[in-house]
Amino acid sequence: MVKLATICYIDNGEQLLMLHRNKQVGDIHQDKWVSVGGKFEAGETPEQCAIREIREETGLEALNLELCGVITFPDFRHDGEDWYSFVYRVREFNGELIDDCPEGTLKWVDYDQVMELPTWEGDYIFLRWVLEDAPFFSAYFEYDVTGQLVANDVTFYPLKEGKSDSEYV
């Protein structure tokens, strides 16, 4: 089985909006700091899912999504389901942050402090790529039943020399 999801880093130019997963009993992300985002609903595109999840979890409206990469998490919950997550950075948004996110506590965290928050080991790796504006990536992060990272790999896809994004549209 396959699950599709989004990972959305909302960026105000100095800080990332992080989510402390501290509200749902039995949450696989319990007590970790993660991005907002979540699972696709039937018929959604990755962009539609990201926009909806951002609105539901934060109250913010994403105006421009930057697709940073795609991550494969094989058998992430050890239930036979592979997760494929589309990673976005959102630097353009409007609206007011909600006070009560259903998933946990939202907090703006300075760039230089975000890597100090407790999270999944692999998140530190791909969050660095997002913060450094690395080329588009396709990554693989495998965790064991205890939540320890046991394997990871990445391929970056830079534009061909002398080409620009507009040449591919």
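Is D133 buried, partly exposed or exposed, and at what relative accessibility? D133 counts as partly exposed, at 47% relative accessibility; buried means under 20% relative accessible area, exposed over 50%, and partly exposed in between (1.4 Å probe, protein chains only).

The model is predicted: local features need pLDDT of at least 70, side-chain atom pairs count only at pLDDT 80 or more, and totals for chains, interfaces and linings use all residues. Residues are numbered from 1 along each chain as its sequence is written, and side-chain values use heavy atoms, with hydrogens and water left out.

**Salt bridges**

Side chains of opposite charge can pair when their charged atoms come close. A search of the whole structure finds 11 salt bridges, each defined as a side-chain nitrogen of Lys or Arg within 4 Å of a carboxyl oxygen of Asp or Glu.

| Pair | N to O distance |
|---|---|
| R91 and D133 | 2.6 Å |
| E66 and R91 | 2.8 Å |
| R52 and E41 | 3.5 Å |

R91 in strand β5 and D133 in the loop between α3 (121–131) and β7 (136–143) are 42 residues apart. Helices (H or I, at least four residues) and strands (E, at least two) are DSSP runs, numbered from the N terminus. Through shared partners, salt bridges join D11, E66, R89, R91 and D133 into one network.

E66 lies in strand β4 (residues 61–73) and R91 in strand β5 (residues 82–94), so their pair ties together parts that are 25 residues apart in sequence. E66 is partly exposed at 25%, as is R91 at 35%.

R52 belongs to helix α1 (residues 46–58), whereas E41 sits in the loop between β3 (33–34) and α1. R52 is buried, at 8% relative accessible area, and E41 is partly exposed, at 44%.
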